[in-house]
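The sequence and the structure come before the points.

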Amino acid sequence: MDFFDRMGEKLVTAGKDVTQKAKDLSGTAKLNFDIKAKEDFIEKQYAQIGKLYYEDHKEEADGAYGRQMQAIAEAFAAIDHMKEEVLKIKGARQCPQCGATVPEDTEFCGKCGAKLNIFED
């Protein structure tokens with residue numbers, strides 16, 4: 001019987017060890033997930049700070065961040081140009097008053113009612 005008692009104790013101990021290791025792995029995985037979530041949050045905050053800084057200082061493109069600020073301004077200009085091209089392809093334009101997309105030959109904006117100069121381009 002002594003053999004079976006020792007074997008039983010070893011199985012119980014091994015079971016407890018496995019259970020503890022599973023809990024440790026689960027806890028580690030959760031902590032790693034939480035760490036990643038906080039790191040992602042920090043990255044978003046950095047990006048927001050950068051965006052706010054750009055908005056506050058975009059006219060000062062000669063400072064320490066001048067090259068990056070100029071690149072952002074050029075990217076915005078390129079985006080605006082591409083958006084205009086998309087509207088031309090669609091046969092539409094943007095209302096200068098509210099920004100709504102309206103057909104190119106429309107005399108009044110369907111959203112805000114602003115009079116549109118259809119001969120303007």
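1. Where is D62 found? D62 sits in the loop that joins α1 (2–57) to α2 (66–90). Helices here are DSSP runs of H or I with at least four residues, strands are runs of E with at least two, and both are numbered from the N terminus. D62 is exposed, its relative accessible area being 71%; buried stands for under 20%, exposed for over 50% and partly exposed for values in between, with a 1.4 Å probe and protein chains only.

2. On the basis of the work: the model is predicted, so that local features need pLDDT of at least 70 and side-chain atom pairs count only at pLDDT 80 or more, while totals for chains, interfaces and linings use all residues. Residues are numbered from 1 along each chain as its sequence is written, and side-chain values use heavy atoms, with hydrogens and water left out.

3. A surface patch of negative charge is made up of D56, E59, E60 and D62. Patches take residues with over 30% relative accessible area and no salt bridge, joining like charges within 9 Å and nonpolar side chains (Val, Leu, Ile, Met, Phe, Trp, Tyr) within 5 Å. Asp and Glu count as negative and Lys and Arg as positive, without His and the chain ends; the charge is placed at NZ of Lys, CZ of Arg, CG of Asp or CD of Glu.

4. A nonpolar patch on the surface is formed by F41, I42, Y46 and I49, which together have about 440 Å² of accessible area. Such areas come from the Shrake-Rupley method with a 1.4 Å probe, and for residues only the protein chains shown count as cover. F41 belongs to helix α1.

5. Four salt bridges are counted, each being a side-chain nitrogen of Lys or Arg within 4 Å of a carboxyl oxygen of Asp or Glu. Side chains of opposite charge can pair when their charged atoms come close.

6. One of these pairs is K30 with D34, whose closest N and O atoms are 2.8 Å apart. Both K30 and D34 lie in helix α1, four residues apart, or about one turn of the helix. K30 is exposed at 53% relative accessibility, whereas D34 is partly exposed at 29%.

7. K58 and E55 form another salt bridge, with 3.3 Å between the closest N and O atoms. K58 is partly exposed at 37% relative accessibility, and E55 is partly exposed at 40%.

8. For residues 95–116, UniProt gives the feature "domain: Zinc-ribbon" from an unreviewed entry. The record's positions follow the numbering used here, its feature names are shortened, and its annotations may be inferred rather than shown by experiment. In the model, the end C-alpha atoms of residues 95–116 are 7 Å apart, and the span is 0% helix and 14% strand.

9. E107 forms a salt bridge with K115, the closest N and O atoms lying 3.3 Å apart. E107 is partly exposed, with a relative accessible area of 41%, while K115 is exposed at 57%.
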